[in-house]
Amino acid sequence: ASDLREQRQRVTELEYLHLHCCRWGVGEGSWLPPGAWAACRGEIAEVGDEPVWLGVDIGGSRAASAVVGVTADLEVVEIHVFQGDEAVLRVTEAVLEIASRRPIAELVYDPWRFQSEALRLEREHGVRGVQFPQSHARMTAASENPHRVIVERKLTHPGDPRFDRHVAAAVAKRTGRG
């Protein structure tokens with residue numbers, strides 16, 4: 001018991017609740033108001049050859065990796081979620097599979113974990129990549145527009161359960177920049 005108390009003193013209460021009690025988002029604000037994401041669920045039209053903008057996030061061994069594609073009309077038409085260390089390879093395969101079906105306007109990615117694959121996709125397959133380092137300043141600005149289009153119900157998504165869980169788990173963390 002004393003070891004547990006000692007360990008608990010080394011981590012914040014929030015870290016303890018997250019890591020030991022599996023209580024995520026405690027002490028932080030939910031990113032979206034209740035029901036905002038569910039209100040955006042709707043039918044997605046068959047798009048055919050309409051361009052798609054892809055976002056890639058590589059999570060690692062304990063976090064999910066994902067490829068999400070949105071059309072110019074703000075319809076979420078591609079959702080691919082992967083787990084584990086080999087997820088980066090599966091993400092690349094998913095991007096190539098999408099590229100075989102529709103034009104990719106651009107592939108936005110954090111260079112920290114996906115730069116070499118993004119460069120290879122651009123060089124070998126013509127997929128235009130755009131680096132988006134996930135600094136506090138950039139993420140603050142990047143989260144404002146999706147928040148607005150979701151709250152204003154301008155985005156439509158198909159209601160994928162895996163993606164819905166990830167959106168529900170998103171929390172707003174205050175930084176020095178907002």
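Let's start with a pair of helices: helix 4 (residues 87-101) and helix 5 (residues 111-125) pack against each other at an angle of about 30 degrees, and their axes lie 11 Å apart. Keep in mind that this is a predicted model. Angles under 35 degrees count as roughly parallel, and helix 4 and helix 5 are therefore roughly parallel to each other. As for handedness, the crossing of helix 4 and helix 5 is right-handed.

Which residues of helix 4 and helix 5 make the contact? Here they are, helix by helix.

| Helix | Residues in the contact |
|---|---|
| Helix 4 | Val-88, Val-91, Thr-92, Val-95 and Leu-96 |
| Helix 5 | Arg-113, Phe-114, Glu-117, Arg-120, Leu-121 and His-125 |

Now for the rest of the protein. How many helices and strands does the protein have? There are seven helices and seven strands. If you walk along the sequence, they come in the order α-α-β-α-β-β-β-α-β-α-β-α-α-β.

Finally, a word on contacts across the sequence. Taking the contacts in the protein with a separation of 6 or more, 57% are between residues 24 or more positions apart.

Technical notes:
Residues numbered from 1 in each chain as written. Predicted model: local features only at pLDDT ≥ 70, side-chain atom pairs only at ≥ 80, totals over all residues. Heavy atoms only, no water. Axes fitted to C-alpha atoms, helices over the stretch in contact; angles between N-to-C directions. Helix = DSSP H or I, 4+ residues; strand = E, 2+ residues; numbered from the N terminus. Parallel < 35°, antiparallel > 145°, perpendicular 65-115°, else oblique. Left-handed = near helix turned anticlockwise from the far one by under 90°. Contact = heavy atoms within 4.5 Å.
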